[in-house]
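Reader: I would like to learn how to read cavities, salt bridges and surface patches. Can you take me through them?

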Amino acid sequence: MIDLSEGAWSLSLTEPGAIETPLATGHQWDFVPARVPGTVAGALADAGRYDPENPFPLHDKDVWYEAWFDAEPGQYRLCLDGLATIAEVYLNDVEVLSSRNMFRKYSLPVELTGRNVLKICFRALEPHLNAKGPRARWKPQLATSQGLRLVRTTLLGHMPGWCPEIHAVGPYRPIRLEQETAPRLIDKHILADLAPDGSAALTVAVRLENVDTDPVLTCAGASAKMTRQDDGTYAATLRPEGITPWMPHTHGDPALYDMAVHCADHTFSLGKTGFRRIEADHGHDGRGFDLKINGTPVFCRGAVWTNADLLNLSSGREAYRPLLEKARDAGMNMLRIGGTMLYESRAFFELCDELGLLVWQDFQFANYDYPVKDKAFVEEVEAELRDQLKETMGCPSLAVLCGGSEIYQQGAMMGLSEDRWKGPLCEEILPEIAAELRPDVPFAANSPCGGVLPFSPNEGIAHYYGVGAYLRPLEDARRADVRFAGECLAFSNVPVPQSLEEGLPVKPGHDPRWKARVPRDRGAGWDFEDVRDHYLKRLYDVEPAALRYGDPDRYLDFGRAVTGEVMSETYAEWRRPASNCQGALVWTLSDLSIGAGWGLIDAAGRPKPAWYALKRAFQPVLACVTDEGTNGLAIHVINERAEEKPVKVSIACLRDGQVPVVSGEMDLVLAPRSAQTLNAVDLIGAFFDVTYAYRFGPPSHDVTLVRLCDAQTGEPISEAHHFPLGRGHNRHFDAPEANVLKDEAGNWSLKIAARRFLQSVAVDVPGFEPEDNWFHLAPGETRQVRLRQVGGDVSRDGQTAPTGHLVALNFAGRTAF
């Protein structure tokens, strides 16, 4: 194999149509070294000629890529895994491919000489976006061009207010040459299944070339000789015994097994697979959406995936791993690749397989009225789906296939009748191919869909922004009766100080560069910072504008805390046993540029405070609370594990954040896969106005702490807090103690002891990432927070203790350590 990703590539930009054939190339004077796989934006940025923070258009130019290479003369296959977007491929100045779809994969027979040149021309996309097509029944505001519905390319870079306008141009996926005479596996179909009785089956069909012996399939200690079928493929079914079913990491073990096809002296690896059964359950009333994995209902929580590297569109394990591990570490068990994004490579799914993360895959369609009466367009879509679905063959993490994002919603919100916005793309074309290639994965027509209107949250799949963009009170999360939120809880989440100091050292509201990084809907008279400020005033009873003007640093700290608090309370509503909600995914996992974006992780890879809040709210063994008014404080305890869990549940109500006025506790044994709701009275043993609903006299307490501990070790598992008078903004001067410790293994940690209740404790340790942050700390409690070194600071010798400081929203000071 010749990996042309390693070749010496260069590129040059020309005016559209300036060079019509490869025979005329070479006269350009302005060549730039280029990486493949990679993008034009990435190559220009490497050359110091493109600023990702202030991008200029790339779709109004032709771009010629060129690579010279040596090879043994003979017959080869030229494999191109992704070309964005209108591309012409020339080998030795002869055209071998013309592509109009960045989501296609190609394998072409070619002949090489001793010295060869491969040229790829990426034609300017702008003329194609301006071309006229069939009349659209509606025109969304999401993106800048209505012509995007006619061209199969990503919407990334075309959505102002959503992401930087970095245009995807270039060979963003690998290019390689394979010898035509070498043993080759050219097609495969894999189905790993788990029956209700726990028995596993692996069915594999492959098409081989240059192989003269019957292949043998192996997996999980079992093997079977593959037999030749009438269509020329080889097929076999294995039934391995004693396997461990694959489960999302929150509910079990994501067990994987190697698959391979052996042919005499040659072995074709099929990667790893896991045995699992996924079913979509619509609930007792037929109106819900609930995923069952191996018969176990799974509350799906996580976020919507954006992209690991918008500049280069990197798709290797090294690009994906940091973000996917942070998703796992936060207790997420599902990521959704939305229809406004990009199909990810197999490496993404393989890592999700390993980490126990479910993947909801939208096909790359969003908002537009697509020309499904155009036969050529439909044929291209069908080929695209086959290419992409074959990429994930055997991956157990793929949990839902979906026809796209907000197509139904967009048409319905324009006032059109159902027969206008519901059509063959999502009802016939996409589900038929999905059922053929991935019959083990449930299909959803669109996200959102279901209900009297496709965006009604109380049926089917919702995009829920009642709490959030629509500024509804927190109680709306229950009132809306959300069944499954394919996306929700979009806020302008503020990064930690270090990221802002490095990437956006300006004051909020005082500099246009700050507002440029705040997400907004195109054409709207508000942005998502306005949404955050609305809940800041509601939860903390402060005037955001006055705070921002008078004390911008404290304003940012309030902003960091409030979005996590809102998300935590909302998930408590949805995870309580009486809720009909079976899943909710936050918009979004990560930012594409430094600033107060939607992401839970900033563009530097650092978790934001909201990430830490969700890490606590997403625990598989959890205690959370909801204010039930005159019915008191409800305490919900959840055990998603397959083993029973003996626990102790305790409650304490504190006055002035310090003096306990009432307390109680209870021993429980949480059954496997169970949840139950207690009342505070069950622990206290008598009436006490925990929620301050009856108001018999002045309030007796201002914070309630509920703690779930391991009954055998006493170690805390989960905590929940309730503020009957609101979170307020009164500060005290009782400074906590903070000491840096080092264990025998050389690992650092910070030990914190509180004299009075601390609200939203923020630990800032440059060069280190705390295991927990932005947490509440009870008086008399000691919390030891592990510190993980990040950033590769070579100046640290491992002996010098980390330094930093600690603040809290209700502490009128700053503790250095």
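Reader: How many cavities of 30 Å³ or more does a search of the whole structure find?

Author: First, the general idea. Rolling a probe the size of a water molecule over the atoms shows where empty space is left. Now the case here. This is a predicted model. The search of the whole structure finds seven cavities of 30 Å³ or more.

Reader: What volume does the largest cavity have?

Author: About 120 Å³. Its lining has 14 residues, and the closest to the centre are R137, I407, W421, G423 and L425. Two elements give two or more residues to this lining: helix 6 (407-413) and helix 8 (424-437).

Reader: Which element gives the largest share of that lining?

Author: Helix 8, with three residues.

Reader: How do the residues of the lining of the largest cavity divide into nonpolar, polar and charged?

Author: Ten are nonpolar, one is polar and three are charged.

Reader: How much space lies in the second largest cavity, and which residues line it?

Author: The second largest cavity holds about 70 Å³. Its lining is made by Y343, E344, F349, Q361, F363, Q388, L389, T392, L398 and L401. Helix 5 (375-391) and strand 25 (398-402) each supply at least two of the lining residues. By class, the lining of the second largest cavity has six nonpolar residues, three polar and one charged.

Reader: On to salt bridges. How many does a search of the whole structure find?

Author: The general idea is a distance test: a side-chain nitrogen of Lys or Arg within 4 Å of a carboxyl oxygen of Asp or Glu. The search of the whole structure finds 72 salt bridges. Take K272 and D258: their side chains meet at 3.0 Å, N to O. K272 lies in strand 18 (residues 266-273) and D258 in strand 17 (residues 257-263), so this pair ties together parts that are 14 residues apart in sequence.

Reader: Is K272 buried or partly exposed?

Author: Partly exposed, because its relative accessible area is 37%. The cut-off for buried is under 20%.

Reader: Which residue forms a salt bridge with E279?

Author: R277 does, and the closest N and O atoms are 3.6 Å apart. Read the accessibility of each partner. E279 has 34% relative accessibility, so E279 counts as partly exposed. R277 has 16%, so R277 counts as buried.

Reader: Which residues do salt bridges that share partners join into one network?

Author: R77, D81, R176, E178, E180, R184 and E209 form that one network. One of its pairs is E178 and R184, whose side chains meet at 3.3 Å, N to O. R184 counts as buried because its relative accessibility is 7%.

Reader: Now the surface. Which residues make the nonpolar surface patch of about 390 Å²?

Author: The general idea is to join nonpolar side chains within 5 Å, taking residues with over 30% relative accessible area and no salt bridge. Here F687, Y694 and F696 make the patch. Y694 is found in the loop between helix 16 (680-684) and strand 35 (703-710). With 35% relative accessibility, Y694 counts as partly exposed.

Reader: One last feature. How far apart are K648 and V740 in sequence and in space?

Author: Keep the two kinds of distance separate. K648 and V740 are 92 residues apart in sequence. In space, the C-alpha to C-alpha distance between K648 and V740 is 30 Å. K648 has its place in strand 32 (residues 645-655). With a relative accessible area of 27%, K648 is partly exposed.

How values were computed: Residues numbered from 1 in each chain as written. Predicted model: local features only at pLDDT ≥ 70, side-chain atom pairs only at ≥ 80, totals over all residues. Heavy atoms only, no water. Patch = residues over 30% accessible without salt bridge, like charges linked within 9 Å, V, L, I, M, F, W, Y side chains within 5 Å. Areas by Shrake-Rupley, 256 points an atom, 1.4 Å probe, with all protein chains shown as cover. Helix = DSSP H or I, 4+ residues; strand = E, 2+ residues; numbered from the N terminus. Buried < 20%, exposed > 50% of the residue type's maximum accessible area, 1.4 Å probe, protein only. 1 Å grid on protein atoms, 1.4 Å probe; cavity = no way out; pocket = protein on both sides within 12 Å on 5 of 7 lines; lining within 4 Å. Points joined across faces, edges and corners; volume = space filled by probe spheres on them. Nonpolar A, V, L, I, M, F, W, Y, C, P; charged D, E, K, R; others polar.
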